[in-house]
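Take a look at the model below. We will go to the ligand, then to a pair of helices.

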Amino acid sequence: MLTWHILSGIYLKNCTGSYNPVIFSANSNGNGKANLALVSPQEKEKGKGNLNSNTKHKHSVCASPQNGSIAVTGRYTVKMSIAKPLKKLASCVILDLDGTLLNTDALLSDVLGGFLSKYGKQWDGREVHKTLGKTPLEAAAAIVEAYDLPCTTNEFISAINPLYSEKWCNIKAQPGANRLIKHFGGHGVPMALASNSPRVNIEGKISFHQGWKESFSVIIGGDEVASGKPSPDIYLEAAKKLNVEPFSCLVIEDSIPGVTAGKAAGMEVVAVPSIPKQSHLYTSADEVINSLLDLKPEKWGLPPFQDWVGGTLPIESWYIGGPVIKGLGRGSKVLGIPTANLSTEGYSTVLSEHPSGVYFGWAGLSTKGVFKMVMSIGWNPYFNNPEKTIEPWLLHDFAEDFYGEDLRLVIVGYIRPEANFSSIESLIAKIHEDGRIAEKALDLPIYSTYRDDPYLKSCVKDSSHL
Ligand code: RBF
Ligand code: MG
């Protein structure tokens with residue numbers, strides 16, 4: 001049965017007249033997809049039909065999945081057809097492991113970098129996409145081919161496997177992974193782990209993470225089914241073992257083959273791409289998020305996280321510092337956002353461990369004191385930077401510039417993922433809103449105690465040993 005909702009609103013075009021690429025997904029009160037049709041006033045007058053019934057990539061629309069409302073800017077009429085009127089509620093979560101819960105990319109570079117150098121070859125981090133979501137055999141074959149290695153795929157696997165397992169103990173959990181596992185575990189939401197890796201490898205890797213093994217009622221490895229992802233087998237087997245229908249499973253995946261597998265299994269799939277700037281490729285996912293910190297379980301009928309306070313998410317604090325460098329000279333001072341950019345030299349590991357996004361905390365300047373700070377980490381989608389940058393904005397009016405001065409940051413909370421904007425004004429407005437959120441939150445006891453962190457203090461009192 002089709003239910004039609006006619007909504008009016010304003011539709012937003014950006015200043016060049018082209019549309020902003022925003023993936024639209026509305027699960028509103030429908031069981032899955034809602035199709036959105038935008039009808040321009042002119043076309044309506046002419047009695048013509050819809051501009052486009054599938055708005056993906058073409059039109060920018062904000063939808064509130066909770067109540068089915070749609071906020072659209074511009075003077076257009078929006079028709080929404082909901083294919084199935086009942087909201088789909090996920091009752092359990094199936095998680096991928098490598099790249100989703102564990103930051104295995106760094107390990108891959110580490111192991112392959114060392115191994116390839118023995119053959120006089122150099123690992124190119126960009127090749128990582130050739131391995132993502134693949135079965136171990138496929139990934140190995142891809143590397144042997146890409147680097148023209150003088151060994152068979154099986155020889156390569158035998159040589160590389162021990163190097164790998166030796167390092168399992170060093171694999172870090174992705175930011176938000178422990179929080180997610182504790183949250184669903186605490187609410188009694190059944191969880192399964194579904195990975196292309198052989199089961200022994202899965203168990204080996206998770207054994208270094210406290211509380212993980214007990215949290216999964218089901219674990220399925222690539223060696224336990226006929227074919228690995230992108231075949232749906234692993235996910236279907238996980239649902240079977242969980243004793244639930246595939247449609248009540250929410251899959252969380254970082255790779256495209258993994259998303260394909262989840263969709264082929266008839267599940268709802270949230271993609272968390274582990275390689276940057278790739279989200280536009282995940283078209284079959286029901287939602288693409290930037291990191292696990294951005295997961296909103298309530299969108300899928302699951303218990304919401306309750307740890308957000310005043311628009312902020314407390315995170316395990318982390319530290320970074322260095323001399324203030326000149327940014328990209330976009331006149332941020334003129335815009336009222338004088339960022340004190342940090343050199344990323346020597347911080348590539350730290351940077352790769354933290355998802356891009358807007359964070360906040362405290363900043364120590366050796367000659368000036370400790371200040372509230374809000375910052376962006378990432379590629380600034382509005383400017384599409386080639387490099388991941390750290391751009392802290394110290395929430396204080398300084399009389400003069402302080403390039404070259406040592407800046408120390410303790411980062412204590414998260415606000416939102418980086419976003420693109422239709423105009424510089426809306427970007428600036430959002431950054432100012434981030435500033436207000438951070439300013440207020442930093443007075444809360446959970447965040448304010450970090451003002452006295454020795455890392456900041458030692459920098460302020462005595463800069464000689466920096
Ligand atoms: N750039 C973006 O393209 N998208 C963002 O969502 C974004 N958020 C930011 C949030 C804060 C708190 C700060 C300080 C910067 C942000 N930036 C963002 C980077 C901004 O575009 C850059 O610092 C400009 O140089 C500011 O004029
Ligand atoms: Mg993966």
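How many residues surround ligand 1, and which are the closest? The shell has 20 residues, and the closest are Asn380, Tyr382, Glu391, Arg416 and Ala419. A residue is near a molecule if one of its heavy atoms lies within 4 Å of it.

This is a predicted model: local features need pLDDT of at least 70, side-chain atom pairs count only at pLDDT 80 or more, and totals for chains, interfaces and linings use all residues. Residues are numbered from 1 along each chain as its sequence is written, chains are lettered from A and ligands numbered from 1 in the order in which they are written, and side-chain values use heavy atoms, with hydrogens and water left out.

Now the polar contacts (pairs of N or O atoms within 3.5 Å). A backbone N or O atom of Ala419 sits 2.8 Å from a nitrogen atom of ligand 1. A polar backbone atom of Pro381 is 3.2 Å from an oxygen atom of the ligand. The protein buries 99% of the 540 Å² that ligand 1 exposes when taken alone (Shrake-Rupley areas, 1.4 Å probe).

The shell divides into 11 nonpolar, 4 polar and 5 charged residues. Asp, Glu, Lys and Arg count as charged; Ala, Val, Leu, Ile, Met, Phe, Trp, Tyr, Cys and Pro as nonpolar; the others as polar. Helix H11 gives the largest share, 3 residues. Helices are DSSP runs (H or I) of at least four residues, numbered from the N terminus.

Turn to helices H2 (residues 105-118) and H4 (residues 153-166). Their axes, lines fitted to C-alpha atoms over the stretch in contact, come within 10 Å and cross at roughly 125°. That makes H2 oblique to H4, because angles under 35 degrees count as roughly parallel, over 145 as roughly antiparallel, 65 to 115 as roughly perpendicular and the rest as oblique.

Terms used. Polar contact = N/O pair within 3.5 Å; in protein donor to acceptor, adjacent residues only side chain to side chain. Helix = DSSP H or I, 4+ residues; strand = E, 2+ residues; numbered from the N terminus. Axes fitted to C-alpha atoms, helices over the stretch in contact; angles between N-to-C directions.
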